[in-house]
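Please examine the model shown here together with its sequence. The paragraphs that follow lead from the strands and their pairing to the overall dimensions, and then to selected side chains.

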Amino acid sequence: MEPRVEQVYGAPCYLVANDTVSLVVTKAGAQMAPVVFFYHEGNPVQPYYISPWQGEEPTQSELSGLLKTLRGDFFCMPFGDNSAGKKNYPPHGATAAMEWTASQKTHDDITTLQLEIDLSKNEGHVERSLSLAKGESTVYVREKISGVKGPMPLGHHATLGTHNGELAIRTSPIQFGYTAPYSVQYTQGGEYYSLAPLTRFSSLREVPTIWKQPEVTDCSVFPAREGFVDILQVFQEQTETPGWVTAVCRDGGYLWFSLKDISVQPSTVFWMENRGRHQSPWKGRNQCIGLEDVCAYFAEGYEDSVNSNILNTHEDVKTFHQLDGSEFALSYIEGVLRIPDNFDAVDHVEFGEGGVTFHAESRAEVSAPIRWKYVFGEEL
């Protein structure tokens, strides 16, 4: 079955929905947004970011690659900037920019948008499935990579907007974190940074800055530090249950979450963009937070991720996967739940046979029948 196609925010998109969730996915880059949860209800939730130049002329028509459609969540291979080195990969790889073909299928209570892309120069094939389960406010994502050989950093680039209010960010327990290896020129290229470069930390609430006062800043709340763009990376403890990232929007009355297999995506990159970039098309107007579950070296790109770096040599953290041409699968879950008024930020997450319960620091809780074993390869 062919999915419906429409022009959405200046880009051709595939549209698919079930009884709870409406998905829009760009043809170019398979970028997922807008996604509307509870769209049949009186107060639907749209948590994902859409870049401010979408549908804007002449800016959008002048752009190429992923920036042309930049929005929501997309799959990156190789993950990162990719501007340095001998390999000529575009930013976040061809998967974030090339045109995907799509089909739609429904089986029992599952509706799936199936996307495919053949990489250039016979470099492999990627399938990306986005599945919706009846009655659930959850998106089940799976990428299957075949025909790709060699080291490869990869991951998801889930990006949230701030249009619904402030976000309280929490993750599953971390071993440690690092700030990104910024240049000493903190204003180079019209970009302004506030975090100390390549510095280790143990808590999101106390991340070192470039200043003496304050010496640390709280990166568990966004928006913060207006006028700056910063990147950090946290490395979750390995567990038998999924790793998780959550963003609670109390003003919007919802919790956004992602679930992953930590052995496949061992870290989360935070891209905290609070009007800190002034070159085109950013123009000092962009505000969003990327909560990007990856196997990579920050967002530095292919060369820095596959070669020796401080993470894979000194910290024993994987920054790429060694692919051998056979099928490599990556499974991921993201979704939204409504929360009670007294739900402030996630303290811990409980995984049971019937689903998942998110426990708040305020001791409130919310549960949902999320099929969390999907991240470990189970079928829906």
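Two strands are taken to pair if DSSP finds at least two bridges between them. The strands themselves (E, at least two residues) and the helices (H or I, at least four residues) are DSSP runs, numbered from the N terminus. The structure is a predicted model, in which local features need pLDDT of at least 70 and side-chain atom pairs count only at pLDDT 80 or more, while totals for chains, interfaces and linings use all residues. Residues are numbered from 1 along each chain as its sequence is written, and side-chain values use heavy atoms, with hydrogens and water left out.

The protein has 28 strands and three helices. Its radius of gyration is 19 Å, close to the 21 Å that the globule rule gives for 380 residues, so the protein is as compact as a globular protein of that length. The radius is taken over C-alpha atoms, and the rule is 2.2 Å times the number of residues to the power 0.38. Along the principal axes, the C-alpha trace spans about 55 × 55 × 45 Å. Of the 380 residues, 58% are buried; buried means under 20% relative accessible area, exposed means over 50%, and partly exposed lies in between (1.4 Å probe, protein chains only). The protein exposes about 15,500 Å², of which carbon and sulfur atoms supply 46%; accessible areas come from the Shrake-Rupley method with a 1.4 Å probe, and for residues only the protein chains shown count as cover. Among contacts (heavy atoms within 4.5 Å) with a separation of 6 or more, 62% are between residues 24 or more positions apart.

Strands of a sheet pair through backbone hydrogen bonds, either parallel or antiparallel. Here, nine strands form an open sheet with antiparallel pairing, in the order E6-E7-E8-E9-E25-E21-E20-E13-E18. The edges are held by E6 and strand E18 (221-222), each with a single partner strand, so one side of each is left without a neighbour in the sheet. The bridge partner of Leu167 in E18 is Phe222.

Thr106 belongs to strand E6 (residues 101-107) and stands opposite Thr111 in E7. With a relative accessible area of 53%, Thr106 is exposed. Thr106 and Thr95 are eleven residues apart in sequence, and their C-alpha atoms lie 25 Å apart in space.

Thr357 is located in strand E27 (residues 355-360) and is buried, with a relative accessible area of 14%. Leaving aside residues up to four places away in sequence, Thr357 touches His348, Val349, Glu350, Glu365, Val366 and Ser367. With Ser367, the side chain of Thr357 also forms a polar contact of 2.6 Å. Such a contact is a pair of N or O atoms within 3.5 Å; within protein, one must be able to donate a hydrogen and the other to accept it, and residues adjacent in sequence count only if both atoms are side-chain atoms.

The structure holds 17 salt bridges, each defined as a side-chain nitrogen of Lys or Arg within 4 Å of a carboxyl oxygen of Asp or Glu. One of them joins Glu56 and Arg285 at 3.0 Å, N to O. Glu56 lies in the loop between strand E4 (32-37) and helix H1 (59-62), and Arg285 in the loop between strand E22 (267-274) and strand E23 (287-295), so the pair ties together parts that are 229 residues apart in sequence. Glu56 is partly exposed at 23% relative accessible area, and Arg285 is partly exposed at 26%.

Another salt bridge, of 2.8 Å from N to O, connects Glu361 and Arg170. Because Glu361 lies in the loop between E27 and strand E28 (365-368) and Arg170 in strand E13 (residues 167-171), this pair ties together parts 191 residues apart in sequence. Glu361 is partly exposed, with a relative accessible area of 35%, whereas Arg170 counts as buried at 14% relative accessibility. Glu273 and Arg277 form a salt bridge of 3.8 Å, N to O, and both residues are buried. Finally, Asp73, Arg128 and Glu143 are linked in a network of salt bridges.
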